[in-house]
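Welcome, and please take a moment to turn the model around before reading on.

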Amino acid sequence: MKRTIIIVICVLLFIVPFFWISPGELEMGGDSNRLFLYDPGSYLQVNALYSVEPQGVGKVASNQNLLPFLILLQLLNNVLRSPYLLMTILNSVKLIGSFLFMYLIVAELLSHHFKKGKTLFVHLAGILAGIFYTLSPSVGGNMRSALLTHNQVFLNPMIFYLVLRFLVTERSTYMWLALVTTVVFSPNFSLIAPPPPFAFYPLAFLFLALYVPLCLKKSLPWKKLCIGITFFVGLHAFQTIPAVAHIADPSSDYYTRAFDVVSGRNKALEYFNATVGQGKVSQHIFLTYSDGMRWTALMVPFVVVLGLLFNKKRQKALMLIAIFFFTTLYLSSANITQIAVELYRMLFYIPGFSMFRVFYGQWQWVHAFFYALLFGFSLYLVFLRLKRKYIYALSIFLAVLFIISGWTFINGQILRAIHPGSKNMTSILRVNPDYEQALAFIKALSDDGKIFNFPFNDYFYQ
C-alpha cells in the first residue's frame with residue numbers, strides 16, 4: 001500500500017509542471033533568468049568557460065562551478081531538443097526529490113524510535129511530511145524568481161538523507177552517492193554561492209552530529225568522514241581554487257564581504273534594520289501562499305503542539321528536532337521581541353554572518369526542513385492515540401488541506417505573476433521564430449559587441 005501511494009504521488013508530481021507552461025513557452029524567472037535552460041551550450045560558453053562580469057569593465061568571474069551542471073543540461077538538451085521539456089523535467093525532478101527524500105528522512109528517523117508493528121503509521125507520517133514540505137511556500141514560493149540555488153529544495157533533503165544513512169549504516173555507498181551529487185550540482189556547493197546553502201548544511205550536519213551519538217547511542221565514523229571530506233575538497237578543487245583566488249582579489253566584492261569586517265557588517269546592519277519589519281513569526285508558522293488561505297495552515301502547528309504534549313517518554317529525537325526548529329524559527333523571523341532583535345544585530349559581529357542580511361529569505365529553507373521533520377514526528381505520536389479508521393481520515397484530511405493551501409503553486413499561477421520590471425507582463429515568454437533567427441545571427445558573428453534585448457534588459461537578461 002505504501003509503495004503504491006508513493007508511486008502515485010511521484011507520478012502526479014512529475015506531471016504537475018507540464019501544466020505550468022505550454023510547449024513553446026519559456027519561464028524566464030524573475031530575479032534571474034533561466035537562459036541556461038533555453039540554450040545551455042551558449043550559457044556554458046559565455047558564463048562558465050569564460051565569464052565576464054556584467055558590472056565594471058570586463059573583469060573575469062570565477063564561474064567554473066557551473067561546468068558540471070551545464071554539461072549535464074547540454075547532454076539532456078541534445079536528447080530532448082526542447083527547452084520546454086528541459087525546463088519542465090527539471091521542475092519535476094525538484095518536486096519528486098523534495099517529496100521523496102523528506103519522506104525517507106522522516107521514515108528513517110521514526111523507524112529507530114518506535115515499535116516495528118506500527119510501520120504503516122510511520123510511512124503515513126513520512127508521506128504527509130513530504131507533501132507538506134513540497135507544497136510549502138519555501139519550495140514553491142521561490143519558483144517565480146528561482147536562482148540556480150533553488151535546486152536545494154531537493155538537494156537539501158537528498159544530501160541529508162544520504163549522510164544520515166551513511167552515519168547509521170557506515171556503508172560507503174551513501175557517501176559516494178552524496179559526493180557525486182555535490183559535483184553534478186556544484187553551483188549549490190560553491191564558495192561564492194548565495195547564502196542559503198551556508199544556512200542549511202552547517203545546521204543540518206550539526207543536527208546529525210548530535211542525533212547519532214545522543215539518540216542512536218552510536219559513535220560517528222570519524223575515519224570515513226575524514227576520507228569523505230578529503231574527497232569532497234579534491235572533487236571540488238576545479239571550482240574552489242578559482243573561487244578562493246577571486247575572493248582574495250582586493251578589487252572583488254567578495255573580498256570586501258570576507259575581509260573588510262567593519263564595512264561588510266555596517267552594510268549588512270543597514271539592510272537588516274531596513275527590513276527587520278518583514279520578519280513575522282506567523283508567516284513561518286502558518287505556511288501558506290496567501291492570507292486568504294491561512295486557515296488551511298492551522299492544522300500543522302496544532303499537530304506539532306499535540307505531538308509535544310503526547311511526548312511523555314521524552315523522546316530525545318523529537319526534543320532535538322524541536323530545538324533546531326525553534327532556532328531556525330528565530331533566525332528566519334528575527335522580529336520576535338525587541339530584545340531578540342538586538343541579539344540578532346549582535347550576530348552580525350560574527351565574521352561572514354553579513355551574508356544573512358536578507359534573513360527571512362536565507363533561513364527559510366532550513367526552517368521549512370526542520371518544520372517538516374517536527375510535523376512528521378509529531379503526527380506519528382498523534383497517530384498512536386487514534387484508531388486506524390481515524391488515522392486514515394486524518395491523513396486524507398491533511399493531504400487535502402495541503403493541496404488547497406498550495407493550489408496557487410500546483411496550478412502554476414505563481415509563475416504568472418506580473419514581472420516588476422514590466423507593464424502587465426509575466427516572466428513566461430513565447431519566443432518569436434523571427435527573434436530566434438536574430439539570436440542565431442548574433443551568435444554567428446565573429447566579433448563581440450553590446451546587444452540590447454527587450455522587453456527585459458536588466459542584469460543578466462541580455
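Ser92 is buried, with a relative accessible area of 0%; the cut-off for calling a residue buried is a value under 20%. You can find Ser92 in helix α5, which covers residues 83-111. Setting aside residues up to four places away in sequence, Ser92 touches Leu13, Phe14, Pro17 and Phe18. Keep in mind as you look that this is a predicted model.

Now try a second residue inside a helix. Phe166 belongs to helix α8, made of residues 152-169, and is buried too, with a relative accessible area of 3%. What is Phe166 in contact with, once its neighbours within four places in sequence are left aside? The list is Arg171, Ser172, Tyr174, Met175, Pro221, Lys224 and Leu225. While you are there, look across to Trp176: Phe166 and Trp176 are 10 residues apart in sequence, and their C-alpha atoms are 9.6 Å apart in space.

Next, visit two loops. Arg81 sits in the loop between α4 and α5, and its phi is near 55°, a positive value in a residue other than glycine. Ala334 has a positive phi as well, near 65°, and is likewise a residue other than glycine. Its loop runs between α17 (316-333) and α18 (338-347). Are these two residues buried or exposed? Arg81 is exposed, with a relative accessible area of 66%, whereas Ala334 counts as buried, at 0% relative accessibility.

From loops we can move on to pairs of helices. Two packed helices are described by the angle between their axes and the distance between the axes. Start with helix α3 (residues 40-49) and helix α4 (residues 67-80), whose axes come within 9 Å and cross at roughly 165°. Angles over 145 degrees count as roughly antiparallel, and α3 and α4 are therefore roughly antiparallel to each other. The crossing of α3 past α4 is left-handed. On the α3 side, the residues that meet α4 are Pro40, Gly41, Tyr43, Leu44, Ala48 and Leu49. Their partners in α4 are Leu67, Leu70, Ile71, Leu73, Gln74 and Asn77. Sorted by class, the residues of this contact are 9 nonpolar, 3 polar and no charged.

The second pair joins helix α6 (residues 119-134) to helix α21 (residues 388-405). Here the angle is about 10°, and the axes are 10 Å apart. With angles under 35 degrees counted as roughly parallel, α6 and α21 are therefore roughly parallel to each other. From α6, the contact takes in Leu120, Phe121, Leu124, Leu128, Ile131 and Phe132. From α21, Arg388, Ile391, Tyr392, Ser395, Leu398, Ala399 and Phe402 take part. By class, the contact of α6 with α21 has 11 nonpolar, 1 polar and 1 charged residues.

Finally, step back to the whole protein chain. How many helices and strands does its secondary structure come to? There are 23 helices and 4 strands. The chain has 462 residues, of which 50% count as buried. Looking at contacts between residues at least 6 apart in sequence, 78% join residues at least 24 apart. As for the surface, the protein chain exposes about 22,400 Å², and carbon and sulfur atoms supply 66% of that area.

Definitions and conventions
Residues are numbered from 1 along each chain as its sequence is written. This is a predicted model: local features need pLDDT of at least 70, side-chain atom pairs count only at pLDDT 80 or more; totals for chains, interfaces and linings use all residues. Side-chain values use heavy atoms; hydrogens and water are left out. Axes are lines fitted to C-alpha atoms, for helices over the stretch in contact, and angles run from 0 to 180 degrees between N-to-C directions. Angles under 35 degrees count as roughly parallel, over 145 as roughly antiparallel, 65 to 115 as roughly perpendicular and the rest as oblique. A crossing is left-handed if the near helix is turned anticlockwise from the far one by less than a right angle, and right-handed if clockwise. Contact means heavy atoms within 4.5 Å. Ala, Val, Leu, Ile, Met, Phe, Trp, Tyr, Cys and Pro count as nonpolar, Asp, Glu, Lys and Arg as charged, and the others, Gly among them, as polar. Buried means under 20% relative accessible area, exposed over 50%, partly exposed in between (1.4 Å probe, protein chains only). Accessible areas come from the Shrake-Rupley method with a 1.4 Å probe; for residues, only the protein chains shown count as cover.
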